[in-house]
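Here's a quick tour of one protein model, written to be read with the structure open beside you. Turn the model around as you go and follow along.

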Amino acid sequence: METTVAARQVFRWTVRAAAASSLLSPPLTWRCLLQPPHAGCGLFCSSSSRSPLHSSHHHHPVSPVFETPVTELSPQSLADMGFTGPQAEQMMETASKARGGRAARHALSSLTMLLALGLNPASVLKLLQKCPEVCSVKESQLQQRVGNLRKLGLVEGSLQRVVAHYPQILTVPVKTVKHVVVLLREKCLFTAPQVTDILRESPAIVLGDLAQLEFLFQYVYFRMGVKQAEIIKSRLFRYSLDEVRCRHSFLERRGLYQTPDKKGQTIIINPKLDSILNVDQNAFLTAVAKASVEEYDVFQRLVAKEWLEEEKEQGSINVDDTYSEEEEEDEDEEEETGGRSGYIKTRKR
């Protein structure tokens with residue numbers, strides 16, 4: 001009997017102690033009392049005995065900033081990067097012009113990469129307004145493309161200017177750029193530093209048609225007799241074949257330009273390619289061609305008809321795209337002789 005009374009008394013003391021402790025600590029203490037003792041329980045109980053500021057109850061609402069990294073553009077993320085309020089609004093609008101969800105996934109990493117290049121927020125904004133497609137490029141692809149441009153000689157300073165001036169170069173795969181470089185090195189015989197100069201001064205060449213680029217070089221090299229160093233100085237690859245051909249043909253028919261012979265000699269002194277191309281039409285006609293605007297306009301209309309007839313004639317002739325090495329060697333010999341025949345032969349290829 002006494003044992004039963006004692007047991008009831010112990011039970012009442014236990015319940016009173018548990019109720020009192022529930023008022024001083026979070027419900028976690030109840031769970032610890034009800035659970036069997038184990039190593040984890042000791043850890044939880046020790047945490048519940050601390051100050052309420054350190055309890056699990058107060059740690060439950062964890063800030064999402066620490067749980068998951070920010071992966072999409074937002075005014076706050078742009079502000080953290082250094083963009084002003086108006087710049088952030090323009091950036092959000094620019095990013096929305098890119099290709100949908102893909103741009104949304106990669107826009108933040110693209111901005112981070114561009115800022116890491118040393119561009120300031122204002123420059124990055126202008127760059128993306130020129131070419132919103134950069135927002136759609138993965139960070140890993142951007143890193144590869146920037147690294148490839150560095151390998152090609154575009155060092156710090158030059159690289160930033162090229163990217164800011166022509167951001168489309170970041171949308172071009174590394175393989176495509178390499179094809180252009182191989183063309184310039186192997187078929188046009190430019191040196192590595194000259195290729196770097198071309199990429200720096202005429203970055204749009206990476207999006208050019210390889211066949212047209214090769215023919216433009218051949219026209220200037222064989223038909224006009226201009227060598228690589230002068231081609232670099234004139235920034236030839238900023239111009240189309242029609243622009244170059246029209247001005248050259250006008251000078252030639254006026255007796256102001258002559259194709260060099262095999263030894264590179266001419267009876268007259270030809271104007272430099274730089275003075276032919278890198279001037280506006282009025283300066284070209286006044287200083288180089290010594291002609292009026294009306295004369296040049298008439299010439300352009302006539303020569304346009306001639307070229308159209310040539311293209312029709314060539315289109316009516318079936319030319320086999322595969323020819324033997326002997327035929328290629330013969331054509332190379334004819335091209336090296338210069339003159340009109342060499343140019344026509346190249347056109348038929």
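**The big picture**

Keep in mind that this is a predicted model. The protein has 21 helices and 0 strands. Out of its 349 residues, 36% count as buried. If you take the contacts with a separation of 6 or more, residues 24 or more positions apart account for 68% of them.

Two packed helices are described by the angle between their axes and the distance between the axes. Let's do that for α16 (residues 241-253) and α18 (residues 281-289): their axes come within 12 Å and cross at roughly 25°. Angles under 35 degrees count as roughly parallel, and α16 and α18 are therefore roughly parallel to each other. As for handedness, the crossing of α16 and α18 is right-handed.

Which residues make the contact? On the α16 side you'll find Arg 247, Phe 250 and Leu 251, and they meet Gln 281, Phe 284, Leu 285, Val 288 and Ala 289 of α18. Sorted by type, the residues in this contact of α16 with α18 come out as 6 nonpolar, 1 polar and 1 charged.

**Salt bridges**

How many salt bridges does a search of the whole structure find? The answer is 9.

| Salt bridge | N to O distance |
|---|---|
| Glu 156 and Arg 150 | 2.9 Å |
| Arg 235 and Glu 201 | 3.5 Å |
| Arg 245 and Glu 310 | 3.2 Å |

Start with the pair of Glu 156 and Arg 150, whose side chains meet in a salt bridge. Glu 156 counts as partly exposed, at 49% relative accessibility, and Arg 150 counts as partly exposed too, at 37%.

Next up is the salt bridge of Arg 235 and Glu 201. This pair links distant parts of the chain, 34 residues apart: Arg 235 is in the loop between α15 (228-234) and α16, while Glu 201 is in helix α13 (residues 192-201). Arg 235 has 35% relative accessibility and counts as partly exposed; Glu 201 is partly exposed as well, with a relative accessible area of 26%.

Then there's the salt bridge between the side chains of Arg 245 and Glu 310. Arg 245 lies in helix α16 and Glu 310 in helix α19 (residues 293-315), so this pair ties together parts that are 65 residues apart in sequence. Is Arg 245 buried or exposed? At 3% relative accessibility, Arg 245 counts as buried.

Salt bridges can also share partners, and here that joins Glu 201, Arg 235 and Arg 238 into one network.

**A buried leucine in a loop**

Last stop: Leu 170. Where is Leu 170 placed? Look in the loop between α11 (158-165) and α12 (174-187). Buried means under 20% relative accessible area; Leu 170, at 1% relative accessibility, therefore counts as buried.

What does Leu 170 touch, leaving out residues up to four places away in sequence? The list runs Leu 114, Val 134, Val 137, Leu 142, Arg 145, Val 146 and Val 163.

How values were computed: Residues are numbered from 1 along each chain as its sequence is written. This is a predicted model: local features need pLDDT of at least 70, side-chain atom pairs count only at pLDDT 80 or more; totals for chains, interfaces and linings use all residues. Side-chain values use heavy atoms; hydrogens and water are left out. Axes are lines fitted to C-alpha atoms, for helices over the stretch in contact, and angles run from 0 to 180 degrees between N-to-C directions. Helices (H or I, at least four residues) and strands (E, at least two) are DSSP runs, numbered from the N terminus. Angles under 35 degrees count as roughly parallel, over 145 as roughly antiparallel, 65 to 115 as roughly perpendicular and the rest as oblique. A crossing is left-handed if the near helix is turned anticlockwise from the far one by less than a right angle, and right-handed if clockwise. Contact means heavy atoms within 4.5 Å. Ala, Val, Leu, Ile, Met, Phe, Trp, Tyr, Cys and Pro count as nonpolar, Asp, Glu, Lys and Arg as charged, and the others, Gly among them, as polar. A salt bridge is a side-chain nitrogen of Lys or Arg within 4 Å of a carboxyl oxygen of Asp or Glu. Buried means under 20% relative accessible area, exposed over 50%, partly exposed in between (1.4 Å probe, protein chains only).
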